[in-house]
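Here's a quick tour of one structure.

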Amino acid sequence: MATQSVHSDICIVGDGAVGKAAALGLSQQGLRVTLLAPSHAPSHLPASAAPVSEDWDVRVFALNHVAHDLLSDLKVWGALDHERIANVEAMQVFGGNAASDGKLGFDAYGAHVQELAWIVEDKNLNQALDNALKFAQNITQVAGRASRMSVNDTEVSIQLEKGDQLTTALLIGADGAQSWVRGQADIGLDYRSYGQQGVVTNFACEKPHRGIAHQWFVEDLGIIALLPLPGQRVSLVWSAPDPLAEQLLREPLTALADRLFAYCGEVLGRLTPLVPEVVKAFPLRLMRPHSMIAARVALIGDAGHVVHPMAGHGMNLGFGDVQALLSVLSAREEHRDCGDARVLRRYQRARTEEVALMQLTTDGLARLFGTDLAPLRLVRNLGLNLLDSLPVIKRKLISHAMGK
């Protein structure tokens with residue numbers, strides 16, 4: 001079989017939502033983009049090809065205003081199935097399920113917005129991105145796996161397993177937490193496992209959720225979050241210690257619903273598993289690459305940072321990366337190409353503060369709420385109640401969470 005050589009201004013490795021959004025945004029700037037992924041057979045069929053499944057995806061994202069604005073600029077937000085999107089109108093955070101435990105509440109009214117966030121299924125988001133890619137100019141999609149890369153002063157060369165070669169001025173790693181690009185660029189990594197798994201599934205709830213996201217921090221059980229879905233449905237994300245997670249995966253979902261009733265019964269009533277019953281889990285870890293750039297390389301999304309999912313900001317951080325990269329590249333001087341070292345350093349500076357702050361915040365909260373020391377629990381609960389009574393600080397916190 002004959003091999004091919006493809007040259008572009010930018011090559012993106014990865015087939016997730018962050019990489020697809022980057023490809024769309026960069027192509028709209030008139031740049032030639034190659035999107036490399038293991039397979040470009042559509043995992044999310046377009047609506048014209050097959051009926052959309054009515055099953056509810058157990059993987060959902062709480063997209064903030066940064067993500068909303070980026071997807072709107074890319075003309076993707078309007079293409080989502082909005083009947084399957086739930087607006088988050090408020091959030092209630094509890095230090096446990098006892099009356100003496102701390103409590104903190106946020107709402108859209110207090111933040112002077114209509115919504116705090118939007119809950120979007122993975123398949124809904126990716127289907128809209130896939131459909132947009134089909135009509136995008138300047139994008140070449142290549143199916144294959146990279147085997148090695150080399151970098152010189154002017155370009156990056158990527159050799160594929162099947163023999164094809166890609167050359168580009170800038171290589172973007174959007175290939176997830178186990179990033180091949182990051183490894184090839186010899187970017188070091190600090191890694192720590194939380195000893196937890198994120199257990200995800202969906203339920204129907206007896207009482208209306210009223211657009212409120214609920215979260216409970218429970219010392220021995222981890223972090224329980226119930227996010228609103230359209231109608232009287234909720235999505236569970238339970239950051240559970242490994243032994244408990246394995247138990248949750250083994251038992252029927254009706255037993256899981258019984259466990260949750262102790263926390264959500266008063267506000268949501270009884271939970272009923274959605275049919276077909278699906279439960280999945282993924283390991284939770286903190287990953288801090290030593291840099292988000294290397295020579296003619298930039299990392300975005302989970303390739304550049306992995307945080308605890310308690311705040312639901314992993315995808316939002318990735319879309320923030322895309323937004324920053326688009327801004328930096330569009331503002332570069334005419335004599336600088338996309339992979340110019342000074343341009344990439346601007347991208348690194350643009351992302352350092354927000355990424356570091358989110359890593360510090362989520363890691364600190366995971367440690368604080370995971371402690372079983374009574375004095376720290378007391379201070380923590382008092383802190384939640386105090387913060388709940390300080391509207392100015394609350395508005396600043398929620399504004400940051402929304403990306404504003």
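Contact here means heavy atoms within 4.5 Å. Helices (H or I, at least four residues) and strands (E, at least two) are DSSP runs, numbered from the N terminus. This is a predicted model, where local features need pLDDT of at least 70, side-chain atom pairs count only at pLDDT 80 or more, and totals for chains, interfaces and linings use all residues. Residues are numbered from 1 along each chain as its sequence is written, and side-chain values use heavy atoms, leaving out hydrogens and water.

**The sheet**
- Three strands make an open, antiparallel sheet in the order E3-E7-E4; two strands pair if DSSP finds at least two bridges between them.
- E3 (60-63) and E4 (86-88) sit at the edges with a single partner strand each, so one side of each has no neighbour in the sheet.
- E3 and E7 (residues 117-121) run antiparallel and are joined by four bridges.
- Ala62 stands opposite Ile119 in E7.

**A helix across the strands**
- Helix H3 (residues 122-134) lies across E3 and E7, at about 80° to E7. Axes are lines fitted to C-alpha atoms, for helices over the stretch in contact, and angles run from 0 to 180 degrees between N-to-C directions.

- The axes of H2 (residues 65-73) and H7 (residues 314-330) come within 9 Å and cross at roughly 50°.
- The contact is made by residues including Leu70 and Leu71 of H2 and Phe319 and Leu326 of H7.
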